[in-house]
Amino acid sequence: MSTAPTDGQILLLSEEDCQKLVGRSDAFTAVENVFAAMARDDAYNFPVIREAIGYANALYGFKSGFDKAGLTLGLKSGGYWPGNAQKGLTNHQSTVFLFDPDTGRLKALVGGNYLTAVRTAASSSVSIAHLARKDARVLGMVGAGHQAQFQLRAAVEQRDFEKIVCWNPHPDMIPALGKVAEDIGLPFEAVSQEELGAQSDVIITITSAFEPLLMRDWIKPGTHVACMGTDTKGKQEVDPALVAAARVFTDEVAQSITIGETQHAIAADLIAAGDITPIGAVIDGAASGRTSDDQITLFDGTGVGLQDLAVAQAAVDLAAKTGVGTAVTL
Ligand code: NAD
């Protein structure tokens, strides 16, 4: 074993390695670039496999794709095990496999748990950067689990937020998110759902809900809503009427309408797939983003495989510069 892979060797990057290597700004850049590449058809995701396996209440699957511009080919395998928290593990478990696009040989095995959280936070962050009003001051958090902490840290870097408000279906989880706000140095208040809507300029939803937690009438004009929790058929975080009232953006339209937040508004014929703009087109300047201060913008961040590959590739590139990681021969 050595630390730098020679030709034909595989680079192993542990969870700890990834935490050392990939910061929030690295993830932001990787995700913003790959969203833009997707909108230009330079990168595409393969169909997602995600199944309830009928054991341990787990959802398990694969997300994969190919970025022709960045020459990144691979997959993320993993899912959601709701009982893990009691075992001292995070509920999401995943691993990224990167392959050499010229030969198909395995190039790197990368721990995917930290990277999933940091790339998901980068996704809502990219949406805030491109769609939220510049004068947004109050950030509303719906959700207070593992991902919420990463979401909060990344979001506050995008605007001059002065206050965080939070509502969570399980109130006992809220103080842990409050500690993150304290660490960041921002006031934090637990509020009702209606109050959250009334106060917030930007809202992130990041729960495992299967029913609307935010109703259309609670959301004030000009709000940017990033719906990040719905990544499976049947899940839902917001009122379909809110989706219909908003200008809607997503990471990938095909995924948004099948497993993302817009699946319900689509099923109810409130919007059509053509009403949804890929955020990559906004990043690239090919489509407009927010067009008025009063407009509600809604980003459906469904989580695409190319995001995982992009941050895993960033980890591999940074490892090459720093010597972090372990090289092995299969
Ligand atoms: P977690 O288990 O740490 O936290 C779960 C959160 O959802 C908590 O806020 C909890 O109070 C809430 N919740 C749990 N059961 C609920 C229910 N039945 N109804 C309403 N709320 C409920 O999970 P996490 O790791 O923070 O993940 C949160 C969600 O984000 C999950 O749905 C997960 O699948 C999703 N996720 C999405 C992406 C993406 O790219 N879009 C990436 C990672 C995770």
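Visitor: Before that, what should I know about the model and the numbering?
Guide: This is a predicted model: local features need pLDDT of at least 70, side-chain atom pairs count only at pLDDT 80 or more, and totals for chains, interfaces and linings use all residues. Residues are numbered from 1 along each chain as its sequence is written, and side-chain values use heavy atoms, with hydrogens and water left out.

Visitor: What are the domains?
Guide: The domain assignment gives domain 1 as 9-116 + 306-329 and domain 2 as 133-303. Such bounds come from an automatic or database domain assignment.

Visitor: How far apart are the centres of domain 1 and domain 2?
Guide: Their C-alpha centres lie 24 Å apart. Domain 1 puts 19 residues into the contact and domain 2 puts in 21 residues. Contact means heavy atoms within 4.5 Å.

Visitor: How much area do domain 1 and domain 2 bury between them?
Guide: About 1,600 Å², with 57% of it on carbon and sulfur atoms. Buried area is the accessible area (1.4 Å probe) that two parts lose on being put together, summed over both.

Visitor: And how many residue pairs are in polar contact across that interface?
Guide: The rule finds six residue pairs, both residues at pLDDT 80 or more. A polar contact is a pair of N or O atoms within 3.5 Å; within protein, one must be able to donate a hydrogen and the other to accept it, and residues adjacent in sequence count only if both atoms are side-chain atoms.

Visitor: Which elements give two or more residues to the domain 1 side?
Guide: Helix H2 (24-39), strand E4 (59-67) and helix H3 (113-131). H2 gives the most, with seven residues. Helices (H or I, at least four residues) and strands (E, at least two) are DSSP runs, numbered from the N terminus.

Visitor: How do the residues on that side divide?
Guide: Nine are nonpolar, five polar and five charged. Here Ala, Val, Leu, Ile, Met, Phe, Trp, Tyr, Cys and Pro count as nonpolar, Asp, Glu, Lys and Arg as charged, and the others, Gly among them, as polar.

Visitor: Salt bridges next. How many are there between domain 1 and domain 2?
Guide: Three. A salt bridge is a side-chain nitrogen of Lys or Arg within 4 Å of a carboxyl oxygen of Asp or Glu. The side chains of Arg50 and Asp231 form a salt bridge, at 3.9 Å from N to O.

Visitor: And in the whole structure?
Guide: The search finds twelve salt bridges. Arg50 is in strand E3 (residues 49-52) and Asp231 is in the loop between strand E13 (224-227) and strand E14 (236-238), so this pair ties together parts that are 181 residues apart in sequence.

Visitor: What does Lys76 pair with?
Guide: Lys76 forms a salt bridge with Asp308, the closest N and O atoms being 3.1 Å apart. Lys76 sits in strand E5 (residues 72-80) and Asp308 in helix H11 (residues 305-322), 232 residues apart. Lys76 is buried, with a relative accessible area of 10%. Asp308 is buried too, with 2%.

Visitor: What about Arg119?
Guide: Its side chain meets that of Asp308 in a salt bridge of 2.8 Å, N to O. Arg119 is in helix H3 and Asp308 in helix H11, 189 residues apart. Arg119 counts as buried, at 4% relative accessibility.

Visitor: Which residues are linked in a network of salt bridges?
Guide: Arg40, Asp42 and Asp284.

Visitor: New topic. Where is Phe99?
Guide: Phe99 is in strand E6 (residues 92-99). Phe99 is partly exposed, with a relative accessible area of 22%.

Visitor: What is Phe99 in contact with?
Guide: Leaving aside neighbours within four places in sequence, Phe99 is in contact with Leu73, Gly74, Leu75, Gly104, Arg105, Leu106 and Lys107.

Visitor: Last one. Is Lys20 buried or exposed?
Guide: Lys20 is exposed, with a relative accessible area of 59%. Lys20 lies in helix H1 (residues 15-21).

Note on methods: Buried < 20%, exposed > 50% of the residue type's maximum accessible area, 1.4 Å probe, protein only.
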